[in-house]
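User: I have a few quick questions about this model. Can we go through the loops and helices one at a time?

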Amino acid sequence: EEVARQQSNERLRRQFGAQANIIGPWIQTKMEEISHVSIDIAGSLEEQMSNLKTYEQNIINYKSNIDKLEGDHQLSQESLIFDNKHTSYTMEHVRVGWEQLLTTIARTINEVENQILTRDAKGISQEQLNEFRASFNHFDR
């Protein structure tokens with residue numbers, strides 16, 4: 001009976017580890033991509049907004065993977081499994097990363113929306129805006 005329990009626990013560890021080792025890097029990659037989109041001065045604000053909305057939808061669609069990982073984490077907790085040699089990611093790491101990702105995409109979309117409103121209110125051309133952004137990015141390094 002104990003051997004069966006240990007085998008079941010190991011299966012849960014492997015299952016959680018395999019998913020976490022995919023989800024953790026995915027979250028990190030999306031964070032980096034979003035920061036590149038927000039820094040990239042190529043294209044109009046509307047094009048940036050469109051790209052960000054696509055990223056946001058991809059992120060929202062990925063939520064089912066997080067939910068499945070949560071389910072596996074719950075099973076692990078119920079089986080009193082508190083360590084996992086198959087991954088360096090804990091559920092807490094994944095939750096924090098996920099919340100940061102959601103916050104970052106929302107904040108970035110908000111910033112671009114504000115830039116569009118400011119541009120339209122002040123009558124600034126796209127060329128002037130690109131020049132401002134290029135100067136800011138140059139001196140912000």
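User: Where does Gly-43 lie?

Analyst: Gly-43 lies in the loop between helix 1 (2-39) and helix 2. Helices are DSSP runs of H or I with at least four residues, and strands are runs of E with at least two, numbered from the N terminus. This is a predicted model: local features need pLDDT of at least 70, side-chain atom pairs count only at pLDDT 80 or more, and totals for chains, interfaces and linings use all residues. Residues are numbered from 1 along each chain as its sequence is written, and side-chain values use heavy atoms, with hydrogens and water left out.

User: Is Gly-43 buried, exposed or partly exposed?

Analyst: Gly-43 is partly exposed, at a relative accessible area of 28%. Buried means under 20% relative accessible area, exposed over 50%, and partly exposed in between (1.4 Å probe, protein chains only).

User: What separates the C-alpha atoms of Gly-43 and Asn-130?

Analyst: They are separated by 8.7 Å, while the two residues are 87 residues apart along the chain.

User: Next loop. Where is Leu-80, and is it buried or exposed?

Analyst: Leu-80 lies in the loop between helix 2 and helix 3. Leu-80 counts as exposed because its relative accessibility is 62%. Leu-80 also has a positive phi of about 60°, although it is not a glycine.

User: And how do helix 2 and helix 3 pack?

Analyst: Helix 2 (residues 45-78) and helix 3 (residues 91-122) pack at an angle of about 165°, and their axes are 10 Å apart. That makes helix 2 roughly antiparallel to helix 3. Angles under 35 degrees count as roughly parallel, over 145 as roughly antiparallel, 65 to 115 as roughly perpendicular and the rest as oblique. Axes are lines fitted to C-alpha atoms, for helices over the stretch in contact, and angles run from 0 to 180 degrees between N-to-C directions.

User: Which residues make up the contact of helix 2 with helix 3: how many nonpolar, polar and charged?

Analyst: The contact divides into 17 nonpolar, four polar and eight charged residues. Ala, Val, Leu, Ile, Met, Phe, Trp, Tyr, Cys and Pro count as nonpolar, Asp, Glu, Lys and Arg as charged, and the others, Gly among them, as polar.

User: What about Gly-97, buried or exposed?

Analyst: Gly-97 lies in helix 3 and counts as buried, at 11% relative accessibility. Gly-97 is one of the buried residues of helix 3, which also include Trp-98 and Arg-119. Gly-97 and Gln-28 are 69 residues apart in sequence and 7.7 Å apart in space, C-alpha to C-alpha.

User: What follows helix 3?

Analyst: Gly-123 does, and its phi is positive, near 70°. Gly-123 lies in the loop between helix 3 and helix 4, and it is exposed, with a relative accessible area of 60%.

User: Last one. Which residues of helix 4 are buried?

Analyst: The buried residues of helix 4 are Gln-126, Leu-129, Arg-133 and Asn-137. They cover an arc of only 65° around the axis, so they sit on the same side of helix 4. The arc is that of the directions from the helix axis to the C-beta atoms.

User: Which residues are exposed on the other side of helix 4?

Analyst: Glu-127, Glu-131 and Phe-139 are exposed there.
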